[in-house]
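The sequence and structure come first.

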Amino acid sequence: MLRWLNYFRFWRTGKPKAPAHVLTDLFRMKHERFKELLDSNAELSKIIADMEEKLQGHDIFGMSYVRSQSARAVFHTLRMIKSLDELSGRKYGNLYGVLETINETIKSNLAERKQNPPEEWILPYSRITKEMVDWVGGKSANLGEVLNAVGLPIPEGFAITTLAYDYFMNSNDLVDEINKIKMEVDPDDPQTVNFVSEEIQRRIISAPVPRDLGDTILAAYDEMIERIRRRGTQGLSTEISMRSSAIGEDSELSYAGQYLSLLNVPRERIVHTYGYILASLFTPRAISYRLNKGIRDEDIAMSVACLQMVKSEASGIAYSRHPFNLLDDNVIISAVWGLGPYAVDGVITPDSYKVAKDPERTILEKQVSHKPVQLVSNPDGGLMEVPVQREKQDESCLPDDQIRLLADYAIRLEEHYGRAQDMEWARDPNGQLMVLQTRPLHTGSESDQGRAPAIPLLTRYPLLLEGGSIAFPGVGFGKAYHVRTEDDLLAFPEGGILVAKHASPKYVVVMRKAQAILTDFGSATGHMASVAREFGVPTILDTRKATESVPQGETVTVDAYSGRVYQGEVSELLSLKAVREACMKETPVYEALQRITASIVPLNLIDPKSPRFAAEYCETLHDIMRLVHEFSYHEMFQISDLVSDDGGCAVKLDAPIPLDLYIIDLGGGLATEVAGCGKVKVEEVVSIPFSAVLRGMLHEDLRYHRPRPIELKGFFSVMTEQMFTPAYSGAERFGDRSYAIISDKYLNFSSRVGYHYSVLDSYCGRTVNKNYITFSFKGGAADDVRRNRRARAIAQVLESLDFVVEVVADRVDGKFQKFEQPIIEEKLDMIGRLLQFTRQLDMLMNSETTVAAIAKAFLSGNYHLEEEVF
């Protein structure tokens, strides 16, 4: 790092430049820091989106979640600052102090939340509520809530708390031992992760469960069996299921089956199995996940849910409303004989029932299927398939009274949690219906690829628009108002539907007025999407044609569940605008999340052109994230200025283009490594963005340039400007050597030809949020007026290509970001053509009409500028 910092000083002071190999290392370092910055930007976007989802109040969470996510948010913000500071040559050190101030506020708010953890190692479900999620995990907290707050039956069982986990780890001196072993981890070397995982899991599995803890677990099991016997339950199963539930993470790993869960565990294996489940907290995938997500080991713990294995006569799923059609507000129940997996995995067709939400729980539909097989517990462990008794194969699994009772369960759960529920149920040999699990019903309102729409197409209404990415679901109704300029924003009407070409955080100033937002382009994980979620505005981004399909002033209904816009008022959809209460709101942990997210989620730095777009005005982590992200483009944009004139670290491109073009490969940009000064052919370039640019530059209609039509007045203007204008005023002449600094997904291309200078900077890969293009063009050999006209002609082209553009004098800057790889490649191809097309245009810019004419010629493919254009 010191060597690189010294080089930065040489460059800024005009001293002799560093050797070629130092330059290459410098470029590589800047590129690596930039990739790290983009990675943390993507992770921080997910954290903010997840916190915004929790602020809706529907999902159960505890202070472990709040502490962990807050720590992760600070970690990734710090990583972004550090990356920017290093790739810029230590220009942004003041951001560390800004972050520390915000972090102190976060820590202060965390300290306000006092917790009184239970002192027991074991908690029966009769004592568990959602407030205990930090000690029993999400699965157990949810089941306790179902039993004690909603009053519905669940299987008998108990939770082994995180207090027991801490006691196990401390009794065996495992905490310090694990920390020492983890020092061997190299995040870039999977072998070290595997080795560390094996060592840690071996230590945990071989460590004895303390006798007093083991005795307490078995005593809880014996008490559970005694409660079941006292009820006179028939067909008693003495085995239990032991399900892992990690504390202190988001639910991504737990619900993906990352941690160990075992079925049919007999009494004599319970204590031994407990150690195996704790060890699963340190699988290779779990360790890597926490390293990459910035989750500290001290923020995690393991709880275990121990539940009676129910010998299900029948089981299935109940949805409190239709899972795909949000207009169908009836309970949907499916049922099979035996255990539940066959109800959802397609092995057999389950019975299905539809029940109304009226007081009588009227059965609207009943479809009984042929069910030849069922899934049951295998006495030797696991599950097995057996035939269904012949007389029951075509019999309904549920009588009418139980259909109504299950529908009532689902409705009560929806009312309690404030949102539609997906409930797993089972019926034991005594005929008792019980809830095995409930979770929010994920409808088609999510923007998941391949998921069916949440609401079917309403053919009675004219459809104006369909498709896009849903940033926030909901329904909006009002008149469409197109926003193109700052003045449009100032005039935005109360209750309007905001329609714009690009997503922009600037729209925050009207989000309290907007009923919905539609854009042609944008990302559901971008800054504006985050702000839309914060304000609860139904938003559909990336529709590609909202500005074309939704006319100004048209009264429309926006269905941001399915991604559709209808002409006029759609009464069926407006009924979905009702706001439901959320179960977590007004709880102490929810209030703590509100206080802490006030320092994380809000975005105040909206406009990069504003004088307040600076470090001293950052009030939240989101502000720092926005600032660093914006400044990183500027720093990478200038990378080509560091190239030494001798090109000692570059290889020359052998291609039929009128540039003296040299390539510096940071890794993965060329098909073969080229040492020293040599030449590479176009086909040896494998860099995604540079290949796209070269395709444009080598376009068949541009490869062999005909002479430009000469306008004599313009010709003499260029000659006069060059002959009589002093060197220190007017146009600046740039060096004639051009450079492309590349990697597999990155390009910084500086093109210097005479009095023209352009810089193209781009990242192009599979991660949409990382992808961008920035392009700048400056200079010319003619007078100021003609150079400005050319800049405005280029600006018109870029605007037609959906770039955000700014023109100042003879300089034009454009930005295009957060699009899929094929679209980025397509735009880079057009930039390549534009670079070829714009040469020698100065002399043609003889009047204002030529500005539009030049842009029109390029966009229509008239690259030779036939004379009739002028």
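## Strand 3 and its partners

Strand 3 pairs with strand 5 in the antiparallel sense over eight bridges; two strands count as paired if DSSP finds at least two bridges between them. Helices (H or I, at least four residues) and strands (E, at least two) are DSSP runs, numbered from the N terminus. The model is predicted: local features need pLDDT of at least 70 and side-chain atom pairs count only at pLDDT 80 or more, while totals for chains, interfaces and linings use all residues. Residues are numbered from 1 along each chain as its sequence is written, and side-chain values use heavy atoms, with hydrogens and water left out.

Seven of the eight residues of strand 3 are buried, so the strand is largely enclosed by the rest of the structure. Buried means under 20% relative accessible area, exposed over 50%, and partly exposed in between (1.4 Å probe, protein chains only).

Strand 2 (residues 157-160) runs antiparallel to strand 5 (residues 301-308), and four bridges join them. In strand 5, C306 is the residue opposite F158.

## Helices across the sheet

Axes are lines fitted to C-alpha atoms, for helices over the stretch in contact, and angles run from 0 to 180 degrees between N-to-C directions. Contact means heavy atoms within 4.5 Å.

## Two helix pairs

Two packed helices are described by the angle between their axes and the distance between the axes. The axes of helix 20 (residues 688-697) and helix 24 (residues 821-837) come within 6 Å and cross at roughly 45 degrees. That makes helix 20 oblique to helix 24; angles under 35 degrees count as roughly parallel, over 145 as roughly antiparallel, 65 to 115 as roughly perpendicular and the rest as oblique. Their contact is made by I688, P689, A692, V693, R695, G696 and M697 of helix 20 with Q821, E825, L828, D829, G832, R833 and Q836 of helix 24.

For helix 23 (residues 784-800) and helix 25 (residues 849-859), the axes come within 8 Å and cross at roughly 40 degrees. Helix 23 and helix 25 are therefore oblique to each other. The contact involves R789, R792, A793, Q796, V797 and S800 of helix 23 and V851, A852, I854, A855, F858 and L859 of helix 25.

## A buried glutamate

E630 lies in helix 19 (residues 621-637). With 16% relative accessibility, E630 counts as buried. Apart from neighbours within four places in sequence, E630 is in contact with P608, F613 and K815.
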